[in-house]
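Subject: Structure handover

Hello,

Here is the structure for you to look through. My notes on what was found follow below it.

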Amino acid sequence: TLLTPSSDDIAGIQSVTAGYLLFTRTGVNAGLWAVPFDGTSLDLTKATLVQAGVTTFSAAPDGTLAFSQRTTDRGSIVWVDRDGRTTPVPGPPLPRIRGLAIAPDGRSAAVVTGSESSAVLLVRDLQTGADTRVTIDGRADTPFRAEMAAPTWFPSGDRLLFVSGGVESRRLFVYRADGSSEGHDIAEGVAGVVSPDGSTLVFVVDDRGRGRLRRAAIR
């Protein structure tokens with residue numbers, strides 16, 4: 001057998017011509033590992049760490065490696081121009097950015113940030129870097145969940161629409177962008193957008209695995 005009962009955190013196995021087996025470990029000591037392999041037996045006690053933090057990889061026949069690596073759990077917002085040049089947006093890095101949407105006036109951005117157990121929706125001023133928290137932490141007694149998609153702005157720029165909830169119970173919620181009031185849900189759905197005049201909600205519902213397009217007036 002290639003893998004022992006204690007190696008159930010191993011994935012992405014690939015052999016290379018140099019006589020090694022490459023694999024990623026996802027639990028303790030996560031990263032890309034190599035272990036000698038002659039095609040018949042395998043001793044994982046002889047494995048060595050090639051690169052920490054690697055999540056996926058691919059090895060060419062000549063031994064060249066390409067891999068993706070988790071380097072940090074925090075990210076920064078930047079502007080990117082048409083030539084690919086980046087300019088940092090003021091403000092501190094944010095943990096695990098999960099969604100981003102620029103306001104209609106281009107002066108602020110709604111950001112979903114944080115872990116699954118404590119994700120929040122906030123609005124960052126793109127000129128000053130000041131953050132306004134729109135939702136509280138995603139505890140069980142609130143409608144907010146980390147599964148939410150990227151937020152969508154109302155055309156007026158004063159409210160935010162986003163999807164939140166579990167796989168079978170996702171709903172569309174509305175919050176004021178200045179965080180001045182508690183949010184409320186307006187429909188069951190997995191995605192939604194507000195019409196340019198702000199009067200109509202167009203959204204998608206999950207009908208037994210099929211997406212159905214719906215619309216409703218916004219009061």
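For the residue classes used here, Ala, Val, Leu, Ile, Met, Phe, Trp, Tyr, Cys and Pro count as nonpolar, Asp, Glu, Lys and Arg as charged, and the others, Gly among them, as polar. Please keep in mind that this is a predicted model.

Pocket

With those classes, the lining of the second largest pocket comes to eight nonpolar, one polar and two charged residues. The volume of this pocket is about 160 Å³. The residues that line the second largest pocket are Phe154, Arg159, Val174, His184, Ile186, Ala187, Leu201, Ala216, Ala217, Ile218 and Arg219. Two or more lining residues come from each of β18 (184-188) and β21 (210-217). The element that gives the most to the lining is β18, with three residues.

Aromatic cluster

A pair of aromatic rings is described by the distance of the centres and the angle of the planes. The count here is two aromatic pairs. In one of them, the ring centres of Phe162 and Phe173 are 6.3 Å apart and the planes are at 20°; planes under 30 degrees apart count as stacked, so this pair is stacked. Phe162 belongs to strand β16 (residues 159-164) and Phe173 to strand β17 (residues 171-176), so the pair ties together parts that are eleven residues apart in sequence. Phe162 and Phe173 are both buried.

Phe162 also forms a stacked aromatic pair with Tyr175, at 5.5 Å centre to centre and 15° between the planes. This pair links distant parts of the chain, with Phe162 in strand β16 and Tyr175 in strand β17, 13 residues apart. Buried means under 20% relative accessible area. Phe162 counts as buried because its relative accessibility is 2%, and Tyr175 counts as buried because its relative accessibility is 10%. Phe162, Phe173 and Tyr175 form one aromatic cluster.

Sheet

Four strands form an open sheet with antiparallel pairing, in the order β11-β12-β13-β14. The edges are held by β11 (97-102) and β14 (131-133), each with a single partner strand, so one side of each is left without a neighbour in the sheet. On average, neighbouring strands of this sheet are turned by 25° against each other, direction ignored. Strand β13 (residues 120-125) pairs with β14 in the antiparallel sense over three bridges. Opposite Val123 stands Thr132 in β14.

Regards

Methods: Residues are numbered from 1 along each chain as its sequence is written. This is a predicted model: local features need pLDDT of at least 70, side-chain atom pairs count only at pLDDT 80 or more; totals for chains, interfaces and linings use all residues. Side-chain values use heavy atoms; hydrogens and water are left out. On a 1 Å grid over the protein atoms alone, a cavity is a set of points where a 1.4 Å probe fits but cannot get out, and a pocket is an open set with protein on both sides within 12 Å along at least five of seven lines; lining residues have an atom within 4 Å of a point. Grid points are joined across faces, edges and corners, and a volume is the space filled by probe spheres set on the points. Two strands pair if DSSP finds at least two bridges between them. Axes are lines fitted to C-alpha atoms, for helices over the stretch in contact, and angles run from 0 to 180 degrees between N-to-C directions. Rings of Phe, Tyr and Trp (its six-membered ring) pair if their centres lie within 6.5 Å; planes under 30 degrees apart count as stacked, over 60 as edge-to-face and the rest as tilted. Buried means under 20% relative accessible area, exposed over 50%, partly exposed in between (1.4 Å probe, protein chains only).
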